[in-house]
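Reader: I would like to work through a model and learn how its features are read. Please take them one at a time.

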Amino acid sequence: MTEEQKIIEKVLQGDTQAFEELVIANEKIVYNLAMKMTGNIEDAQDITQEVFIKVYRGLMNFRGESKFSVWIYRMTYNLAIDFIRHRARSAKTIPLTYPDDDDTPLELPSMDELPEDHALREELRRNIDGCIEALSPDHRAVFTMREVAGLSYAEIAESLHVSEGTVKSRLARARQNLVKYLSAKGTFPSGYRQNN
């Protein structure tokens, strides 16, 4: 029995402190995925909270056939997709950017803290964030699970109930679209820009 399985067993026996361990171990990744999917801090916080309520209520249904993290990522993905669909139906718009946070999704090149360098770095960060948000929900989810959460192709496939080939295809398409979006914004040097 793994350490995680022991913790889950304790939770099922009523140990709320053990559940807190599960939350602490997974909340940052759940929040990051929800944030990338929704593009809004408050919505990501709400989804994160809802995920852990559902986990607590449904933990007895976790059979351990996959890793706990895969189960919880799938739940997060489903809740975020439901939220996006609901928001699209009610608002007919989806924001393409989100407020900056301390959890930078991609590593940015190191720059000195001269004002113009800081401004360039912030513009690059906004461009990258906006381009990620412009991806379709399926592509955004795969990209975020791979590049932010660090899941393997197999874990993503299991979490999304698709084949590994589908994961690889969506990830390749997401990366191509990011290059296209960033090139169109002038983020890459001219040698990297694609002709439309």
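Reader: Is Glu155 buried or exposed?

Author: This is a predicted model, and burial is read from the relative accessible area, with buried meaning under 20%. Glu155 has a relative accessible area of 14%, so Glu155 is buried.

Reader: Which side chain does Glu155 meet in a salt bridge?

Author: Side chains of opposite charge can pair when their charged atoms come close. Here the partner of Glu155 is Lys67, at 2.7 Å from N to O. The pair links distant parts of the chain, 88 residues apart: Lys67 sits in the loop between H3 and helix H4 (68-91), and Glu155 belongs to helix H7. Lys67 has 48% relative accessibility and therefore counts as partly exposed.

Reader: How many salt bridges does a search of the whole structure find?

Author: The search finds 3 salt bridges. One of them joins the side chains of Glu147 and Arg175, with 2.3 Å from N to O. Because Glu147 lies in helix H6 and Arg175 in helix H8, this pair ties together parts that are 28 residues apart in sequence. Glu147 counts as partly exposed at 32% relative accessibility, and Arg175 is also partly exposed, at 35%. Another salt bridge is formed by the side chains of Arg140 and Glu133, at 3.9 Å from N to O. Arg140 and Glu133 are both buried.

Reader: Which residues of helix H6 are buried?

Author: Helix H6 spans residues 137-148, and its buried residues are His139, Arg140, Ala141, Val142, Phe143, Thr144 and Met145.

Reader: What follows H6?

Author: H6 is followed by Gly150, which has a positive phi near 75°. Gly150 is in the loop between H6 and helix H7 (153-160). With 53% relative accessibility, Gly150 counts as exposed.

Reader: Which residue has a positive phi although it is not a glycine?

Author: That is His161, with a phi of about 60°. His161 is found in the loop between H7 and helix H8 (164-184). It is exposed, with a relative accessible area of 62%.

Reader: What does Thr48 touch, leaving out residues up to four places away in sequence?

Author: To place a residue, take its element, its burial and its contacts together. Thr48 lies in helix H3 (residues 41-58). Its relative accessible area is 10%, so Thr48 is buried. The residues that Thr48 touches are Glu27, Val30, Tyr31 and Ala34.

Reader: How many helices and strands does the protein chain have?

Author: The secondary structure comes to 8 helices and 0 strands. Along the sequence the pattern reads α-α-α-α-α-α-α-α.

Reader: What can be said about burial and contacts over the protein chain as a whole?

Author: Of its 196 residues, 42% count as buried. Among contacts between residues at least 6 apart in sequence, 62% join residues at least 24 apart. The chain exposes about 11,300 Å², of which carbon and sulfur atoms supply 49%.

Definitions and conventions
Residues are numbered from 1 along each chain as its sequence is written. This is a predicted model: local features need pLDDT of at least 70, side-chain atom pairs count only at pLDDT 80 or more; totals for chains, interfaces and linings use all residues. Side-chain values use heavy atoms; hydrogens and water are left out. Helices (H or I, at least four residues) and strands (E, at least two) are DSSP runs, numbered from the N terminus. Buried means under 20% relative accessible area, exposed over 50%, partly exposed in between (1.4 Å probe, protein chains only). Contact means heavy atoms within 4.5 Å. Accessible areas come from the Shrake-Rupley method with a 1.4 Å probe; for residues, only the protein chains shown count as cover. A salt bridge is a side-chain nitrogen of Lys or Arg within 4 Å of a carboxyl oxygen of Asp or Glu.
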